[in-house]
Amino acid sequence: MISAVAAGSALLMGLAACGGSSNDADSGSSGGSTTTAAYNAAIGKVFNPSDKKGGTLKLANSGDWDSVDPGDTYYGFSWNFLRNYGRSLLVFKSAPGAEGNSLAPDLAEGLGTPSNDAKTWTYKLRKGIKFEDGTEIKSKDVKYAVARQLDKETLPNGPTYLNDLLDLQGYEGPYKDNDPTMAKFTAVETPDDYTIVFKLSKSFSAFDYIAALPATVPVPAAKDTGTKYKEHPVSSGPYKFEVNEVDKRVVLVRNDQYDPATDPASGRKALPDRIEVELKANAADVDNRLLDGTLDVDIAGTGVQTETQPKILNDPEQKNRADSAPNARLWYSGINSDVAPLDNVHCRKAIMYAADHAGYQRSYGGAEAGGDIATNIMPPQIPGFQKNDQYGFETDKSGNVEKAKQELQQCGKADGFTTNIAYRAERPKEKNTAEALQQAFNKVGIKTELKGFPQGDYSKLYAGKPDYAKANNLGVIIYGWGADWNDGFGFLQQIVDSRTIRPGGGNTNIAVKDPQVDQLLDKALTTTDKTARESLWNDIDKRVMDQAYILPGVWAKGLMYRPERLTNVFVSEAYGMYDYTAMGVQ
C-alpha cells in the first residue's frame, strides 16, 4: 500500500490497489513467479519469467488511440503502453501484485517533497537521461510538457488535474503565449536544470500521483508541433517510433540513447527488439489470432469478446492461458441532461428503472468473464466503498417496467420519448450493450436509435463534445471508466466534477452537472479524517445515483489471453491489464 504524505489540510491518500481474482486460491498472492500454465497464473505473480531479449512483440487494437502524444491521451491502454517511449517524473512500477500499484521514481530521483502545507511540490531529476536525439533531458523540458497540455483547445484529451490544481493565474499554455521563456508560467519553476517545483492553488497531498501522469513526460520545445506532435513524439524511454501510420499501425524500435542505468526503479524490462501495433483490426479476428498464436496481445486490455469467452472457459487447455482479473473500472452509460426530456430527473430515472442489467452484464460476458452487476458508481476496490442499490438492480435484473412507467408519468412523458444511444463502434461489447438497452427501453415506450462512433475521437468530437452530443440527441452515452489511482478522488473527480467539462470536447465527464456534487468534492479536499473523507466519496456516489446522471452497468473484469510464446506476463494492478513494459517473446 502506498500513501501520499499528509500535510496540513491536504487530504487525499493513495490507498491499496484492487486484490486478485477470487476464482483461484493462489490468485491473490503478490510477487513470485510460475512456469505452470494455469487459470489466473499471471495475477499476483509473473507467468513464464524471462530476461531474454530479442524478437518482435505483436499487438493489435480493434480501434485506435485517442493520441500517442503523452499530453493528449486518456485511454488506460495508452498510459500503460506509452511507458515504453515516455518517462514521467514518477511511474507505476512494472511489477506483479500490490507492488504494481505503487509509485516509483522515473525521471525523478525520488518521490516529491511537499512544503507550504502541500501547496508546493519539489522533484529532483536524474542526470544523464537523454532524448532519442542524444540531448540530455532537463527540468525545462518537463515544465514545457506540463505547460502545453494545459491548452485543452489544442490538446483536448487527457485529464484536467494540472489545470485544476496549479496556481496558473490565468496562464493558458505556450500556444497562446508568445514568450518562449514562459515567464508568465510561474506555477512551475525550474531553479536549475535538475529541479522542478510545482506551486498549487490548494493543498493536495496526493500530488505524487499527478507527477506520474503522462503529462510530465518531457517534450523538447523546439520539436513540438502542436497537434502534429502525435505523429512522432520524441522518445525518452527504451523505445522510439520507427513507424506511426495513423489508423494503420505503430512500430517501436529500440532507442539507442536509453540507458538502463538511469532507470533503476521503474521495473521496465525492454525485452523485445521491436514492438508492432496493428490498428483498426477486426475485433473477432484479433481474438482468433490470439488463440492461434499469430498475435501476442490485444492492447485494449479489456478482454476477449463475448463470443470468444466460451471457447476459452470451456476448454481446459485454453483456460490455463487466461486471466480474469477484477479492477477498479466501471462500464456505464451517461444519461445526458443536456438532451430533453432527460433534463427532467424523472425521465432519467425512467432510464434507470427500464434498463436491463442482466443484459448489460451479458454484453460483457457474464459474472465470471465480464464482472458483477454494478448497483452504484464506485467499484468495490476503492477504499471506503459502500454498496448502494437504491433502484433494485440486483432484485430486478431485467428492469422494472412498472416503476419506469411511473417515472415517465411524473416527467410528463407517459407514452415515452425518443433519444439516441451512443457507443464506440469498434467495441462489440458496447454495441451489444446498446442493443440490450434499446430492447429494454422499448418495453416502456422509450424509442432509441443506435449511433456508433470511432473510438479514437469518441470523447474529442462526439460523445465528449457537449454541443455535438446535444445537437445529435445523444441521450444515453455508453462509456467506461477506470481509476487514475485507487481512491475516491482518483476515480470520481474526472467523471463527476462539472468544472472539468470543456466546450471544445475531449471530456470524460459526459453527464454530471450538479453544483452539490462539486461542493461535496471540495468538502472532501478539506477533510483530513480518512473515514469522514471516504464517507464523502459515498455521498457523491449517492447524489449522482439519486439524480440519475449515470446508469452503472458492470464492475469490470476482463478475460485476457496470453499466447504460449509470451514471456514475463503479469496483470498490472495499476492498469487492470497485462503490463506492456515487462513482457517478451520466445
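Trainee: Which backbone oxygen does the side chain of threonine 508 reach?

Mentor: Please bear in mind that this is a predicted model. In it, the side chain of threonine 508 reaches the backbone oxygen of glutamine 494, at 2.8 Å. Threonine 508 itself lies in the loop between helix 15 (488–496) and helix 16 (515–524).

Trainee: Is threonine 508 buried or exposed?

Mentor: A residue counts as buried when its relative accessible area is under 20%. Threonine 508 has 7% relative accessibility, so it is buried. Leaving aside residues up to four places away in sequence, threonine 508 touches Tyr74, Tyr332, Tyr479, Trp481, Gln494 and Ile495.

Trainee: How should I read a sheet, and in what order do the four strands of the open sheet lie?

Mentor: Strands of a sheet pair through backbone hydrogen bonds, in either a parallel or an antiparallel manner. Here the four strands follow the order 6-7-9-8, with antiparallel pairing. Strand 6 (113–115) and strand 8 (188–192) are the edge strands, each pairing on one side only. Within the sheet, five bridges join strand 7 to strand 9, and tyrosine 123 stands opposite isoleucine 196 in strand 9. Helix 2 (residues 139–149) packs on the sheet, where it touches strand 8 and strand 9.

Trainee: Which residues touch the most other members of the largest nonpolar core?

Mentor: In soluble globular proteins, nonpolar side chains tend to be buried together. The largest nonpolar core here has 155 residues, and Leu166, Phe185 and Phe198 touch the most other members. A second, separate core has 13 residues, among them Ala60 and Val304.

Note on methods: Residues numbered from 1 in each chain as written. Predicted model: local features only at pLDDT ≥ 70, side-chain atom pairs only at ≥ 80, totals over all residues. Heavy atoms only, no water. Core = buried A, V, L, I, M, F, W, Y, C linked by side-chain atoms within 4.5 Å. Buried < 20%, exposed > 50% of the residue type's maximum accessible area, 1.4 Å probe, protein only. Helix = DSSP H or I, 4+ residues; strand = E, 2+ residues; numbered from the N terminus. Polar contact = N/O pair within 3.5 Å; in protein donor to acceptor, adjacent residues only side chain to side chain. Contact = heavy atoms within 4.5 Å. Pairing = 2+ DSSP bridges. Axes fitted to C-alpha atoms, helices over the stretch in contact; angles between N-to-C directions.
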